[in-house]
Amino acid sequence: MPNVVQQTQPAAPPPATAKKGPRGAVTIHATWCKGCRICVEFCPPKVLAMDESENYPHVAFPEKCTACHFCDTHCPDLAIVVRKLE
Ligand code: SF4
Ligand code: SF4
């Protein structure tokens with residue numbers, strides 16, 4: 001009879017309690033923005049979208065912002081600011 005090795009998995013951690021609602025407040029300064037789309041293309045939860053003119057981004061889904069600060073740390077013109085919400 002073959003030896004049977006029993007593998008036991010560690011107990012799964014309790015599910016993280018996901019906070020509802022936005023975790024960041026996004027402000028876009030259109031006068032400084034050159035419309036390069038970096039913030040729109042690389043925001044992980046796709047909070048931002050270009051406006052109808054395709055010249056500037058706007059905050060399309062504010063409730064999705066995780067305050068990861070990708071957009072404001074990569075904007076070449078410092079035209080976008082994220083304030084972390086408590
Ligand atoms: S802080 Fe992160 S999640 Fe919020 S708009 Fe910027 S890139 Fe998107
Ligand atoms: S990364 Fe900055 S300059 Fe580029 S579209 Fe976004 S706000 Fe405008």
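**View 1. The surroundings of ligand 2 in the predicted model.** Around ligand 2 there are 14 residues, of which Cys 33, Cys 36, Ile 38, Cys 39 and Cys 75 are the closest, where a residue counts as near a molecule if its C-beta atom, placed from the backbone, lies within 6 Å of it. This shell divides into ten nonpolar residues, one polar and three charged; here Ala, Val, Leu, Ile, Met, Phe, Trp, Tyr, Cys and Pro count as nonpolar, Asp, Glu, Lys and Arg as charged, and the others, Gly among them, as polar. Residues are numbered from 1 along each chain as its sequence is written, while chains are lettered from A and ligands numbered from 1 in the order in which they are written. This is a predicted model, in which local features need pLDDT of at least 70 and side-chain atom pairs count only at pLDDT 80 or more, whereas totals for chains, interfaces and linings use all residues.

**View 2. The largest nonpolar core.** Twelve residues form this core, namely Val 26, Ile 28, Cys 39, Cys 43, Val 47, Leu 48, Cys 65, Cys 71, Cys 75, Ala 79, Ile 80 and Val 82. Such a core is a set of buried Ala, Val, Leu, Ile, Met, Phe, Trp, Tyr and Cys residues joined through C-beta atoms within 7 Å, and a residue is buried if 20 or more other C-beta atoms lie within 10 Å of its own, exposed if 12 or fewer, and partly exposed in between, with C-beta atoms placed from the backbone. At least two residues of the core are supplied by β1 and at least two by β4 (80-84).

**View 3. Gly 24 and its contacts.** Gly 24, which is found in strand β1, is partly exposed because 19 other C-beta atoms lie within 10 Å. Neighbours within four places in sequence aside, Gly 24 is in contact with Cys 65, Thr 66, Ala 67, Val 82, Arg 83, Lys 84 and Leu 85, a contact being two residues whose C-beta atoms, placed from the backbone, lie within 7 Å.

Note on methods: Helices (H or I, at least four residues) and strands (E, at least two) are DSSP runs, numbered from the N terminus.
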